[in-house]
Amino acid sequence: MHKDVAEILVSEEQIQERCKELGKELSDYYRERNSVPMLVGLLKGSVPFLVDLIKRMDIDVEIDFMDVSSYAGTNSVEVRILKDIESSVADKDVLVIEDIVDTGKTLEKVCEILRSKGAREVKIATLLDKPGGRKVDTIVPDYVGFSVPNKFVIGYGLDYNQKYRNLPYVGVIKEEAI
Ligand code: PRP
């Protein structure tokens, strides 16, 4: 275990097993709809989850990426698009891939953009859901790997000051590492 990790919340084995289950569930869903979904990963945190998930999907998929950042102002959070998707999503089934849903503000904005571009359907798959952090009631992830408590989590895509994204598990950072 990394020296800055206080406790492991979700192990590498648990993540891999859940990716297998979600991959099957998603494949069955889109196969039934006769659809080639467009998976949109949000940089950078979603990368490990997207990579493991698509290997567990036995249907054709397309992938693309968006990069968004959020700035907390005095009364609101401004979500800015740093990199938009390059493919057209018009009339496509879109599945947004996230590492974690916290306040929900990032996804609120991203889903609004994808719908405005004419997506037929926009669904959300997130490795982690932190329901205790939610600030918008419009965002309910369709596929969730694991629910986590309101703690600062790192690993498997999630960072603290850009570090720890490469850990193969999700853990809680030690106080002294912050
Ligand atoms: C993190 C995370 C989600 C978002 C969740 O991204 O990857 O995209 O915050 O928070 P929210 O539900 O409160 O909006 P971040 O902006 O830190 O970028 P990163 O993926 O590059 O780490």
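1. The model is predicted. Its largest nonpolar core has 25 residues, and those touching the most other members are Ile15, Phe49, Leu95, Ile97, Leu127, Leu128 and Val170. Two or more residues of this core come from each of helix H1 (12–32), helix H2 (47–55), strand S5 (93–101), strand S6 (121–129) and strand S7 (143–147). Helix H1 is the greatest contributor, giving 5 residues.

2. Beyond its neighbours within four places in sequence, Phe49 is in contact with Cys19, Leu22, Ile97, Glu98, Ala125, Thr126, Leu127 and Tyr156.

3. In soluble globular proteins, nonpolar side chains tend to be buried together.

4. Ser35 belongs to the loop between H1 and strand S2 (38–43). Is Ser35 buried or exposed? Ser35 counts as buried because its relative accessible area is 11%, and the limit for that term is under 20%. With neighbours within four places in sequence set aside, Ser35 is in contact with Tyr30, Asp60, Asp93 and Arg120.

5. There are 14 residues around the ligand, of which Glu98, Asp99, Thr103, Gly104 and Thr106 come nearest. A polar side-chain atom of Asp99 is 2.6 Å from a ligand oxygen atom. Polar backbone atoms also take part: one of Lys44 lies 2.9 Å from an oxygen atom of the ligand, and one of Gly45 lies 2.9 Å from an oxygen atom of the ligand. The ligand taken alone exposes 500 Å², of which the protein buries 78%.

Definitions and conventions: Residues numbered from 1 in each chain as written. Predicted model: local features only at pLDDT ≥ 70, side-chain atom pairs only at ≥ 80, totals over all residues. Heavy atoms only, no water. Core = buried A, V, L, I, M, F, W, Y, C linked by side-chain atoms within 4.5 Å. Buried < 20%, exposed > 50% of the residue type's maximum accessible area, 1.4 Å probe, protein only. Helix = DSSP H or I, 4+ residues; strand = E, 2+ residues; numbered from the N terminus. Contact = heavy atoms within 4.5 Å. Near = heavy atom within 4 Å. Polar contact = N/O pair within 3.5 Å; in protein donor to acceptor, adjacent residues only side chain to side chain. Areas by Shrake-Rupley, 256 points an atom, 1.4 Å probe, with all protein chains shown as cover.
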